[in-house]
Amino acid sequence: MGAKENKGPGMTAASIVLTVIAVVIFLVRAYSQRLVNGGFSLDEIFLSVGLILTIGLCIETCLCFYWGAGRHMEDILLTDSNPLINLRKYWIAGYASVVTWAVAMFAIKLSLLSLYKRIFLVQNTVRRWFRVFVYAVMLYVICSSIAIIFSYIFICTPISHWWTQANAAVGKPVPKGDCPNLVPRGIACTALNIVSDLLTFSLGISGLWTLQMDRQRKFMVGGILAMGSACCIVSIVRLPMLLNATFSNDPTWSNANSLLIGVLEGATGVISASLPGLAPLVRRWQRSVQARKGTSSDSEAGPSQKYPNRADTYSHKTSASIGIQGLSGRYIPMDDMNSDQSTHLDTTPLSPTQQDRNFR
């Protein structure tokens, strides 16, 4: 029954596809940022580190599937020529993947927090409670992520005991060691990760509503930020899978789903952190579409229909230059939300003449 079952090839392909999608979206984001910013911001650096670690996580997960994950333990013991070597490699790759996942998620969250700080704290009129909230969330994410990373690094004493337990599967003595409190440790790390995901998401949404922009654009940007909550959902789904693998007598089979979910969480994190940076490319595409429509309508319309009245001309200008109105009266185009120019905004209040010009 179990000897013919192997989830490895399918899950390996799924892991690669998820990672490739994350890489493509990251590259599109990088191109979008080059349209408005020649340098590299701190959030881009953190996201680049997160992407590299996610690629490493994918490689380690594929090695887990190659060395036994997705197959029944009975199948490995009966058909492999040297099952102990393969099982040890499987546990080593699994250990590396857990640590890499924790560091990757830390880097991705730092990228999002750096982006939020750059966008929401550029004005002197930001309310004190929100500024305190931003730094409190950053402190919690940093402390909780470091705790999770070290908890997984030192999961066993000595660390090698994590993979030398494979000796028991082939009837060989297991070297002395201990992996204490695996279940409480896993639950605590998952809970810390979920809370940090929720705080990061709530920070983005609450910061969005501090900006003066039209409601339709707020809902659009809010929808993009809401995709970041997918990481939280994935973490919740992953917890029972980890507990099931911990108590299972067939760990190579039971742990396959949680390995794939780990790659999914890393790829989803990179994608959600990349989406806000696509705004310049989207605006460029919108302008090109509007230009083509304008050229087409001008060629079809007669001389008396091109400019029917002055009000239409002003309304066209207004709709083509929608941006974010800062609290101090400084106009912030959407392109500048993801450029270093947003850190050097002029917070000088507009004169009555400038206000009248912007209104028109």
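## The disulfide

Cysteine 156 and cysteine 179 are joined in a disulfide, with their sulfur atoms 1.7 Å apart (the term covers a pair of cysteine sulfur atoms within 2.5 Å). The model is predicted, so local features need pLDDT of at least 70 and side-chain atom pairs count only at pLDDT 80 or more, while totals for chains, interfaces and linings use all residues. Residues are numbered from 1 along each chain as its sequence is written, and side-chain values use heavy atoms, leaving out hydrogens and water.

A search of the whole structure finds one disulfide. Cysteine 156 sits in the loop between helix H5 (128-153) and helix H6 (161-164), and cysteine 179 in the loop between H6 and helix H7 (182-208), so the pair ties together parts that are 23 residues apart in sequence. Helices here are DSSP runs of H or I with at least four residues, and strands are runs of E with at least two, numbered from the N terminus. The link of cysteine 156 and cysteine 179 is right-handed, with 100° about the S-S bond.

## A cysteine without a partner

Cysteine 58 is in no disulfide; its nearest cysteine sulfur belongs to cysteine 62, 4.1 Å away. Cysteine 58 counts as buried, at 8% relative accessibility.

## Aromatic pairs

Now to the rings: a search of the whole structure finds six aromatic pairs. Rings of Phe, Tyr and Trp (its six-membered ring) pair if their centres lie within 6.5 Å; planes under 30 degrees apart count as stacked, over 60 as edge-to-face and the rest as tilted. Tryptophan 91 is in helix H4 (residues 83-120) and tryptophan 162 in helix H6, 71 residues apart. Ring pairs also bring Tyr90 into a cluster with Trp91 and Trp162.

Tryptophan 101 and tyrosine 152 are edge-to-face too, with centres 6.2 Å apart and planes at 70°. Tryptophan 101 lies in helix H4 and tyrosine 152 in helix H5, so this pair ties together parts 51 residues apart in sequence. Tryptophan 101 is buried at a relative accessible area of 5%, and tyrosine 152 is buried at 10%.

## Charges over rings

The charged end of arginine 238 sits over the ring of tryptophan 101, 4.6 Å from its centre (NZ of Lys or CZ of Arg must be within 6 Å of the ring centre and within 35 degrees of the ring normal). Lysine 7 likewise has its charged end over the ring of tryptophan 253, 4.2 Å from the centre.

Note on methods
Buried < 20%, exposed > 50% of the residue type's maximum accessible area, 1.4 Å probe, protein only.
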